[in-house]
Amino acid sequence: MTNALGIDKIQDSLGYLVLTDDGAVLSSGGELQNAESIAEKMTKLVYTAAKLQVSSDKREVFKRISVIWDSFMYVVTVANHRIYVCKRPYIPQEPVVT
């Protein structure tokens, strides 16, 4: 498999995917090992997000997407024509009340 470029070294990671810009799995591990279904969904999410205008400057695009469930989250980043997906535990912070 292709080098995971350090995504496999993220502390508290439950799993990871490294995808081509068309969604093919280059590397995977942990709970996302061979997770073709998740890869397909994350690719669709990235393509949908790329169509959204995030500011009045049309050149500005999203940098990271977090998809949060009750106990875990996916953090998705796009760089160098690759889609990086990391599954991590989600531990909500209690709001600070003063």
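The side chains of Thr20 and Asp22 are joined by a polar contact of 2.2 Å; a polar contact is a pair of N or O atoms within 3.5 Å, where, within protein, one must be able to donate a hydrogen and the other to accept it, and residues adjacent in sequence count only if both atoms are side-chain atoms. The model is predicted: local features need pLDDT of at least 70 and side-chain atom pairs count only at pLDDT 80 or more, while totals for chains, interfaces and linings use all residues. Residues are numbered from 1 along each chain as its sequence is written, and side-chain values use heavy atoms, with hydrogens and water left out.

Thr20 is found in strand β1, residues 15–20. Helices (H or I, at least four residues) and strands (E, at least two) are DSSP runs, numbered from the N terminus. Beyond its neighbours within four places in sequence, Thr20 is in contact (heavy atoms within 4.5 Å) with Leu26, His81, Arg82 and Ile83.

Two residues can be set side by side for burial. Buried means under 20% relative accessible area, exposed over 50%, and partly exposed in between, with a 1.4 Å probe and protein chains only.

| Residue | Relative accessible area | Class |
|---|---|---|
| Thr20 | 13% | buried |
| Lys41 | 52% | exposed |

Five strands form an open sheet in the order β2-β1-β5-β4-β3, with antiparallel pairing. Because β2 (25–30) and β3 (64–68) stand at the edges with a single partner strand each, one side of each is left without a neighbour in the sheet. From one strand to the next the twist averages 15°. Strands pair if DSSP finds at least two bridges between them; β3 and β4 (residues 72–79) do so in the antiparallel sense over five bridges. Arg64 stands opposite Thr77 in β4.

Helix α1 (residues 36–51) packs on the sheet and touches β1, β2, β3, β4 and β5 (82–89). The direction of α1 makes about 60° with that of β4, taking axes as lines fitted to C-alpha atoms, for helices over the stretch in contact, and angles from 0 to 180 degrees between N-to-C directions. Lys41 lies in α1.

A nonpolar core is a set of buried Ala, Val, Leu, Ile, Met, Phe, Trp, Tyr and Cys residues joined through side-chain atoms within 4.5 Å. The largest has 16 residues, and Leu17, Leu19, Leu32, Tyr74, Val76, Ile83 and Val85 touch the most other members. Two or more residues each come from β1, α1, β4 and β5, and α1 gives the largest share, four residues. Another core, of six residues, lies apart from this one and includes Ile7, Tyr16, Val18 and Cys86.
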